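Welcome, and thanks for taking a look with me.

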Amino acid sequence: MENKLIVSPSPHVHSGDSIEKNMYHVLIALIPAFLIALYVFRLEALVITVCSVLFCVGFEYLIVKYIMKKKPTVLDGSAIITGVLLAFNVPSNLPIWILALGCLFAIGVVKLSFGGLGNNIFNPAIAGRIFLLISFPAQMTTWPVTAVAEATDAVSSATVLGNIKYAPEILPSLQQMFLGFEAGSLGEMSVIAILLGLIYLLWKRVITWHIPFSIFATVAIFTGIIYIFNPIPLYNPLIHIFSGGLMLGAVFMATDYVTSPMTKKGMIIYGCGIGFVTVAIRLWGAYPEGVSFAILLMNAFTPLINNYTSPKRFGEVVKNG
Amino acid sequence: MLKTFRIGGIHPKENKISAGKAIQKIDIPEQVIIPLSQHIGAPCQPIVKKGDKVKVGTQIGKSVGYVSANIHSPVSGTVQKIDTALDSSGYKRDAVFIKTEGDEWEDTIDRSNNIKREFNLSSEEILEKISKAGIVGMGGATFPTHVKLTPPPGTKAEVLIINGVECEPYLTSDHALMLEKTEEILVGTTIVMKALKVDKAIIGIENNKKDAISRFRELIKSYPNISVEELKVQYPQGGEKQLIDSLIRRQVPSGSLPISVGAVVQNVGSIYAIYEAVQKNKPLVERVVTVTGKDVKLPMNILARVGIPLSNLIEKAGGLPETTGKIVSGGPMMGKAIASVEIPVTKGTSGILIIPTLEAKRKAMRDCIRCSKCISVCPMGLNPTLLMNLTEYEVWDRAETNHITDCIECGSCSYTCPSNRPLLDYIKLGKGRVNTIIRARKN
Amino acid sequence: MSVLLTAVATLGAIGAGSAAILYMVGQKFKVEEDPRIQEVQDSLPAANCGGCGFPGCASFAAACVKAETMDDLFCPVGGQTTMDRVAEILGQKAPVAVKKIAVVRCSGTCESRPRTNLYDGVSNCTIASDLYGGDTGCSFGCLGLGDCVDSCTFDAIHINPVTMLPEVVEDKCTACGACVKACPKDIIELRKQGPKSRRIYVSCVNEDKGGVAKKACEVACIGCTKCQQVCPFEAITIENNLAFIIDDKCRLCRKCVPVCPTNSILELNFPPKKDKPGTQKEETVTITA
């Protein structure tokens, strides 16, 4: 035989799954939300998203190549996702230079300084957003009047969650929020677009239901209990689920593989933690929105959760019959 | 809803190319090499010497120790030498070399094709016959069958489970056997039920073998204590513990044998061998081997004597394709890649799979992205990525408390990993180390 | 002002209280330890390599203090000087140890030992050797995947990219034995470093019969016994078709080297030989003397 036989340990077949496939599935799932953002914010949305992706990919390429001196792996899709998610988490009129700073922080500090994809502790997009929110609070919380809202003569430049605390009389209807034309960051516009993405991710088995649903359930139950005793909009569970970054965070950012727990039990603990912290910040905190802080906090707990939860073993509970 | 096991599992592409192909015969070459270790446990002691004449069925190797199995000559001829020969792992082991002369069988062996249904033997007599015939688990594990059919003191078997799952992709040897030797397998099952003193047997078959299921269902009417169960296709359902869970919803606890939940599992191949041993006095000297692969010209099932080189079987199936990159003895999930085709067929050779070069190479390993897919698919409910890391950093105590020894080496984790991480390679290594540590502690 | 005073007073009180508790707890749970253990430990190299047979330097130090004689205790990293110092601390005498070094007993380079198949798995010798005999015809030889390199804490062993065999850096090797344990094929052995690093050993571990071994590898020991016959000191044994030079008996006469038909006996760091075989004998004697 001319060619030498290849010898390797079993198994000798592979599912063909890859990092790229998972990442591109996530990007596909982000398309509906992006289309809504395009419709609402027109060109601004496109500019912010494209710039953000270019910054993230560019910074990753440069840092990996010239500082870490490794082969750049920008095409694995993770930097693109970070770029898109970061863009989705900022107002559409954010100055580009601020956005660039956020991308540099997200990619350079949060992701690559830990060793790159798979080794980071915090979700880069979330950490990038919080970095911007703390550094540039004014720019990060001034939302433009949306094109659609202008056409319908409604003027709202604070988010739903901003109004809920300080001006509960000018809330949009739930239906409006579900379709998504209230003020806010790029990607958190439409609940239904994000739900479409969620369905796609579940269908493609990129994520499991555990994290998003435990977040929804915790938020709904927590605010629901208060709402029973004090039925004002501030405590309305539906408003809490449909507004702000909760949907986006629960579906796309809390489910980030690298920074979320690995066992099913752990995922539920993590999801409940996020839900709980989010509601606590929203109701009693200084910020109107708490999803990103909640995710960041629970990211920090992920290693601990991983350490203390283990999967359900075969034969652990012997059920006969 | 069809039954299947409850934790983990994958569904790789079935690729059963040789399904439904009749079992072919193959000529016996001039020389055969019979390894003296074809089973788990102590190798046999040769009881023939150079120049001895042997017939088909003459015992040539005597089992030593409790876990061991006799070996018989698969051909008639003269013993040339007892020397070392390459085994499937490329190490040299003792083997008997026999020069073939004609095809003369031992007189006691009934070579007719008639199905002999009646038997009048006690449990002990059956076990004795099985032990003498050198029968081993033919699903691939090659554990001596008589040992498995002797429950340890204090335990009692309640149900016999017949493994007709053949969950490995590509392989069809059990399938072919079930189609052609259906009634023999049922007789074999009643024999084993007698040996175990159980009155219930279940044959589990995945529903990608509908023809085999209906064949059994036709014939089963005259065997009231045997039932046939259609199972959902799911890998690794052929694993003993998984099959028991699928069929009777009982989970064998960690570190225990199936008998602890009252079950004994036997592969259909072994059952057929038991039938032949008990009813026809025929020792285990041949078995069905699937020769398959995407570029193989004539994928087929071959009834091959032990000791025939794999190259002869490949030749029969149309020769080695030019695209050959890897040759696997067994199925693609748990089979062993071999470095040479000159190694002989043994009792545990269930198939020869020829993988084209394009599919043979592993992809480069990447960093773990903690997607936890390996955890989801692990049929034993383990944490493969953690176990791999613990092995890499040699943290044996934590590997043990995370039940590394429960691993059944099915390969579902490595199969699934999007980062192409060699999870199973490391887990096997760690499992071996931890087992050594546990054994050392006990002594 | 009073606020300041209160703060200082409170903090001071808390500090003093904590210190008192710490002191009491420290006294209560104080472990009486032989002070010499620390002293011995300080004189050790602190490599924690395990070469002495103990888990680390601390436990080796404890063992030294406890032991009655130092005959069985040796720190391969620190060597004789360290052991002398330890012996001094303990008021004992360290036995004179022979300096050893790791040798790789395989010369099967890519050229002399052709590859027969392609290993496509993790670069880990133990995993590969659990799987099969290796990617050459020799199932005993070096796999070249570098478990020894990974095990070495002193950066003293490297895989030569041309031969794909490990090479020991003499100055760095401390004979800690980590690579010996790491090698799944038992190829690496600790041998006497020899005067001026001169040593002779059989660089092969193949136990196959001569013909089989030679077919797989040009430089394999074929067990022909020529070296055994020529050795004046009975320093060579042959078992399982494999020659082995016993360290303690070998007097480095080099007679076995030229008779080996496969060049599997290696001599290191000797001056180049004279051509005349007659004079060679004289010279080897002067070297060994």
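This is a predicted model: local features need pLDDT of at least 70, side-chain atom pairs count only at pLDDT 80 or more; totals for chains, interfaces and linings use all residues.

**Notes on chain B**

1. Strand β9 (residues 159-163) of chain B and β12(B) run parallel and are joined by 5 bridges. Helix α7 (residues 268-280) of chain B packs on the sheet here, where it touches β9 and β12 of chain B. The direction of this helix makes about 80° with that of β12(B).

2. Stepping back, the sheet is open and has 4 strands in chain B, in the order β11-β10-β9-β12, with parallel pairing. Its edge strands are β11 (226-231) and β12 of chain B, each of which pairs on one side only. From one strand to the next, the twist averages 25°.

3. Chain B also holds an open sheet of 4 strands with antiparallel pairing, ordered β2-β8-β7-β4. Here β2 (31-35) and β4 (53-54) of chain B are the edge strands. β2(B) pairs with strand β8 (residues 92-100) of chain B over 5 bridges in the antiparallel sense, and Val32(B) has Ile98(B) in β8(B) as its bridge partner.

4. Finally, visit the loop between α6 (240-248) and β12 (263-267) of chain B, where Val252(B) is found. Is Val252(B) buried or exposed? Val252(B) counts as buried because 20 C-beta neighbours lie inside 10 Å. Leaving aside residues up to four places away in sequence, Val252(B) touches residues including Gly315(A), Lys241(B) and Pro258(B).

Technical notes. Residues are numbered from 1 along each chain as its sequence is written. Chains are lettered from A and ligands numbered from 1 in the order in which they are written. Helices (H or I, at least four residues) and strands (E, at least two) are DSSP runs, numbered from the N terminus. A residue is buried if 20 or more other C-beta atoms lie within 10 Å of its own, exposed if 12 or fewer, and partly exposed in between; C-beta atoms are placed from the backbone. Two residues are in contact if their C-beta atoms, placed from the backbone, lie within 7 Å. Two strands pair if DSSP finds at least two bridges between them. Axes are lines fitted to C-alpha atoms, for helices over the stretch in contact, and angles run from 0 to 180 degrees between N-to-C directions.
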